[in-house]
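Student: I've got a new model open and I'd like to talk it through with you. Can we go feature by feature?

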Amino acid sequence: MSSRQERKGRQGLIALAFLAPALLCLAVLRIVPAISAVVESFYSESLLRGGRVFAGLSNYGDLLASKDFRQSVGVTLLFTVLVNPIQVVVSFLLAVLFTQKAAGSRLWRTLVILPIATPPAVSAVIWSVIYRPDGLANGVLDRLGISAQPFLTSPSQVLPSLIVLLSWIGVGYWMLFLIAGIQEVPEEVREAALLDGAGAWRRMISVTLPLVRRPLAFVLVADTVSNLLVFAPVQILTKGGPNGNSNLLMYDVYNRAYALGDIHVAQAEVVILVALTLAIVAGQFRLLRGDQ
């Protein structure tokens with residue numbers, strides 16, 4: 001073996017040694033639990049046999065036959081369809097606004113980013129106070145001459161209320177990625193558009209938007225995954241109510257596993273949630289690839 005090959009082999013071992021802790025964490029925290037969830041979803045607990053027994057696809061069949069599960073899937077899909085465009089569009093518009101050389105833009109950018117530093121559970125507690133009957137939200141509505149609203153206790157208002165809360169948490173985070181993308185747009189391209197007489201709206205649609213499609217695609221996909229896995233605000237504020245109108249799939253998994261104690265059906269629901277997430281993300285990638 002030549003000295004060059006020995007050197008490459010040694011470098012490969014050194015690289016593997018550096019990667020080993022990360023690969024170990026990936027295996028222990030991601031791969032092993034995923035395999036365990038799939039395996040456990042095919043079993044159930046039997047009181048007669050005194051332990052777990054192979055159940056095949058019966059857990060999946062029970063889920064699909066459950067009205068509560070079907071409602072949870074519908075609520076999750078509706079929530080995703082509503083919250084994703086709102087967060088992505090608002091993040092993009094704020095990113096465009098805060099990359100302009102205007103007085104106070106850095107201050108406002110900081111204020112929008114501040115909620116990122118707040119854990120979701122703490123944000124949920126803050127908004128529980130805002131949404132109280134005598135809270136800030138109804139105080140503002142009262143000043144506008146609008147009667148007090150139930151927000152989290154209304155079947156028709158609970159999902160929009162959660163969307164506002166989660167947008168408050170997430171918009172600043174996704175905005176950072178888009179600001180980085182917009183700052184990579186060549187200055188000469190912007191100046192050329194300005195010399196051609198393009199207004200602010202035309203420059204944003206015809207120049208900025210096409211040149212930040214990659215970071216925008218990343219934000220769309222990552223935001224979708226994030227919103228499909230929402231748990232803490234639902235668990236703290238609504239417990240899936242009222243009448244299941246905020247029972248997102250991630251909370252339903254928790255409820256089945258720890259409130260109802262049916263861990264095997266909960267594992268089957270985890271598998272379905274992951275499959276649903278992968279299907280949605282794959283569809284987004286296909287649409288984005290088709291647009292390029």
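Student: Is leucine 13 buried or exposed?
Tutor: Keep in mind that this is a predicted model. Leucine 13 is found in helix 1 (residues 3-40), and its relative accessible area is 59%. The cut-off for exposed is over 50%, so leucine 13 counts as exposed.

Student: How far apart are the C-alpha atoms of leucine 13 and glycine 61?
Tutor: Along the chain, leucine 13 and glycine 61 are 48 residues apart.

Student: What about leucine 136, buried or exposed?
Tutor: You'll find leucine 136 in helix 6 (residues 136-143). Its relative accessible area is 57%, and anything over 50% counts as exposed. So leucine 136 is exposed.

Student: And what separates the C-alpha atoms of leucine 136 and valine 219?
Tutor: Leucine 136 and valine 219 are 83 residues apart along the chain. The separation of their C-alpha atoms comes to 31 Å.

Student: Now the rings. What kind of aromatic pair do tryptophan 127 and tryptophan 168 form?
Tutor: The model has 13 aromatic pairs by count. In this one, the centres are 5.8 Å apart and the planes are at 65°. Planes over 60 degrees apart put a pair in one class, so tryptophan 127 and tryptophan 168 are edge-to-face.

Student: Where in the chain do those two sit?
Tutor: They're 41 residues apart, so to speak in distant parts of the chain. Tryptophan 127 is in helix 5 (residues 120-130), and tryptophan 168 is in helix 7.

Student: Is tryptophan 127 buried or exposed?
Tutor: Its relative accessible area is 12%. Buried means under 20%, so tryptophan 127 is buried.

Student: Which residues do ring pairs link into a cluster with Trp127?
Tutor: Trp127 has its pair with tryptophan 168. Ring pairs link Trp127 into a cluster with Tyr131, Phe151 and Trp168.

Definitions and conventions. Residues are numbered from 1 along each chain as its sequence is written. This is a predicted model: local features need pLDDT of at least 70, side-chain atom pairs count only at pLDDT 80 or more; totals for chains, interfaces and linings use all residues. Side-chain values use heavy atoms; hydrogens and water are left out. Rings of Phe, Tyr and Trp (its six-membered ring) pair if their centres lie within 6.5 Å; planes under 30 degrees apart count as stacked, over 60 as edge-to-face and the rest as tilted. Helices (H or I, at least four residues) and strands (E, at least two) are DSSP runs, numbered from the N terminus. Buried means under 20% relative accessible area, exposed over 50%, partly exposed in between (1.4 Å probe, protein chains only).
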